[in-house]
Amino acid sequence: MGHNADIITAEEKLNTLLPVSRLQQSLPALINAAHAWSDTVWAAAKKRGPISLSKQQIIAGLSLASRPIFICGVHRSGTTLVRDILDDHPQLVVLPSEGTFYTNLEAKLKAIPENKRMAYLGKEWLRRLANPINQSPYWLLERSDDQNSAYVDFARYVMAWWEVADKTNPQWPHHAIILAYASCQNKLDAKAWVDKTPVNERYLKRIWIENPQALIIQLIRNPVNILASRKKMEPSITLRNALNDIKLSFSVANQQEKNNDQRFLLIRYENICNNTQQVIEQLAAFLNITIVPQLFTPTVAGKLAQVNSSFTTDNPFGRILNLKQHGVLLTKTDQQYLGVRLGNLAPHLGYTVMRINPLFNYPLRLLYLLKS
């Protein structure tokens, strides 16, 4: 066997544990195998050292880092679908897994010693590139062989960009990941990079302070469908948290529509499903990118993506389902709580929620608080 023998062994063990269908809960054996594999890859990369970056690569990379596109919106609102639509565009570098820097990783990095942060973040992203969301496609940089491992290359690029990233931007550790991925894709000359992270709309003020050129794409969706999808995909979520998330996201969308900021684009999920051509034209104009065939076939790192529905698994990959092909499961009681929580906010954004008789509004609010 070649010099990647340990990586191949760890990779094969992890591969045998990857689920055929999406997991609803984590499996200890899968988590342990993923950590063992990423530890092995990182150790091999550390032994070989950072990949040398040319002056031209550094100039191009630092320029690319200043041009982000953030896709955001409440969970289950269609953020993944928009990312997958943009994924294979030749002018973009699209992270194939959620960025989560502002929402999760930044706090975790600050909680560990500085000299361990690069390894922590690098290995976290190795695992995301192997298994983004516990459902196929997996191995987004392809499988390792005796002589080559794109994952080792990625780790070595992380080490290289970690040293030269612009430290004046608090998001610089994330930039190191972006630029490492762009380097593996040979796309440092891309027009922009794309990060899809639900609820990033809560950080708009900070994003625009740190990234003045940042473009924001926020997704909204019929709140009835959002809640139905979250209850199916996240059975442990409380009703209060789910409804609060929707309200916070819709509040941002409502305010941004009033602000009319040219760096912000609001997209309704329903329009993607039923008016795909129109939305793709809208996206291309907003991002100033060419319309290419790849935009009509959702992918993840160039691999066909699963369909945009929590309620069906028997459709071919790489399709965009229309609304008639979606399922909706939501009780009348939940729809009442939805109406109580959102009030006039949903109608302002073009969505109809159950109207509550003023006489029953207060009792329903009380029941909602008790139930939540």
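In this predicted model, strands β2 and β3 (residues 192-196) pair in the parallel sense over 3 bridges. Within this pairing, Val 93 has Trp 193 of β3 as its bridge partner. The two strands belong to an open sheet of 5 strands, paired in parallel and ordered β2-β3-β1-β4-β5. The edges are taken by β2 (92-94) and β5 (264-268); each has a single partner strand, so one side of each is left without a neighbour in the sheet. On average, neighbouring strands are turned by 20° against each other, direction ignored.

Turning to the aromatic side chains, the count comes to 9 aromatic pairs. One of them joins Trp 37 and Trp 139, whose ring centres are 5.3 Å apart; with the planes at 80°, over the 60 degrees required, the pair is therefore edge-to-face. This pair links helix α2 (residues 28-48) to the loop between α6 (117-130) and α7 (150-164), bridging 102 residues. Trp 37 is buried at 0% relative accessible area, and Trp 139 is buried at 5%.

A tilted pair is formed by Phe 70 and Tyr 102, with 6.3 Å from centre to centre and 50° between the planes. Phe 70 lies in strand β1 and Tyr 102 in helix α5 (residues 101-110), 32 residues apart. Both also belong to a cluster of linked ring pairs with Phe 101, Trp 193 and Tyr 203.

Key: Residues are numbered from 1 along each chain as its sequence is written. This is a predicted model: local features need pLDDT of at least 70, side-chain atom pairs count only at pLDDT 80 or more; totals for chains, interfaces and linings use all residues. Side-chain values use heavy atoms; hydrogens and water are left out. Two strands pair if DSSP finds at least two bridges between them. Helices (H or I, at least four residues) and strands (E, at least two) are DSSP runs, numbered from the N terminus. Axes are lines fitted to C-alpha atoms, for helices over the stretch in contact, and angles run from 0 to 180 degrees between N-to-C directions. Rings of Phe, Tyr and Trp (its six-membered ring) pair if their centres lie within 6.5 Å; planes under 30 degrees apart count as stacked, over 60 as edge-to-face and the rest as tilted. Buried means under 20% relative accessible area, exposed over 50%, partly exposed in between (1.4 Å probe, protein chains only).
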